[in-house]
Amino acid sequence: MRKTFLLAVALSVAAPALAAPPGTAQNFLDRANRLKAKGPLAFFDADYKRMKAEATEVGKSIGDDRIAAEKAGKPILYCSPKARAKLGSYEFLDGLEAIPAAERQNMPLKAAMLRVLQRKYPCRR
């Protein structure tokens, strides 16, 4: 009984250390997978709206960066027909899963989204 209790305490202390830091691609993917497991009930989870807002904010920031680069005459990092590229939610999650887990663990969500956009809209150089 005592060994079971000590094991439970050790696991509960170690679990937060194993979780990906907030704001990372891995953290976002973990949260998305938790919501996907809920099926249609995911829409009623408070984290759904937070994640949607987080992804929208990151996407807007990337679009703003592209517009600023175009105006400044600097090279753009992805070549979609419009500065505000379209990226579906499943397409985005699939793109996150394509990034190796070791990289995803500490990669900011913005860098991960940019990589997904670069894969979808490569620039011919």
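Asp45 and Lys38 join their side chains in a salt bridge, with 2.4 Å from N to O. Keep in mind that this is a predicted model. Asp45 counts as buried at 14% relative accessibility, whereas Lys38 is partly exposed at 38%. Both belong to a network of salt bridges that also takes in Arg31, Arg34, Asp47, Arg50 and Glu54.

**Other salt bridges**

- The structure holds 11 salt bridges, and two further pairs are worth a look on your screen.
- Glu91 and Lys120 meet through their side chains at 3.1 Å, N to O. This pair links distant parts of the chain, with Glu91 in helix α4 and Lys120 in helix α6, 29 residues apart.
- Glu91 is partly exposed at 32% relative accessibility, and Lys120 is partly exposed at 33%.
- Arg115 and Glu103 form a salt bridge of 2.8 Å, N to O. Arg115 sits in helix α6 and Glu103 in helix α5 (residues 101-104), so the pair ties together parts that are 12 residues apart in sequence.
- Arg115 has a relative accessible area of 25%, which makes this residue partly exposed; Glu103, at 36%, is partly exposed too.

**Overall fold**

- Of the 125 residues, 30% count as buried.
- Among contacts between residues at least 6 apart in sequence, 62% join residues at least 24 apart.

**A buried arginine**

- Arg66 is part of helix α3 and is buried, with a relative accessible area of 7%.
- Beyond its neighbours within four places in sequence, Arg66 is in contact with Ile76, Tyr78, Cys79, Ser80, Lys82 and Ala83.

**The largest pocket**

- The largest pocket holds about 770 Å³ of space. It is lined by 30 residues, of which Lys52, Ala55, Gly88, Ser89 and Phe92 are the closest to its centre.
- Two or more lining residues come from each of α2, α3, α4 (89-98) and α6 (109-120).
- Helix α3 gives the most to this lining, with 9 residues.

**A nonpolar patch on the surface**

- Leu41, Phe43 and Phe44 make up a nonpolar surface patch, with about 410 Å² of accessible area together.
- Leu41 lies in the loop between α2 (25-37) and α3 (46-71) and is exposed, with a relative accessible area of 57%.

Key:
Residues numbered from 1 in each chain as written. Predicted model: local features only at pLDDT ≥ 70, side-chain atom pairs only at ≥ 80, totals over all residues. Heavy atoms only, no water. Patch = residues over 30% accessible without salt bridge, like charges linked within 9 Å, V, L, I, M, F, W, Y side chains within 5 Å. Areas by Shrake-Rupley, 256 points an atom, 1.4 Å probe, with all protein chains shown as cover. Salt bridge = Lys/Arg side-chain N within 4 Å of Asp/Glu carboxyl O. Helix = DSSP H or I, 4+ residues; strand = E, 2+ residues; numbered from the N terminus. Buried < 20%, exposed > 50% of the residue type's maximum accessible area, 1.4 Å probe, protein only. Contact = heavy atoms within 4.5 Å. 1 Å grid on protein atoms, 1.4 Å probe; cavity = no way out; pocket = protein on both sides within 12 Å on 5 of 7 lines; lining within 4 Å. Points joined across faces, edges and corners; volume = space filled by probe spheres on them.
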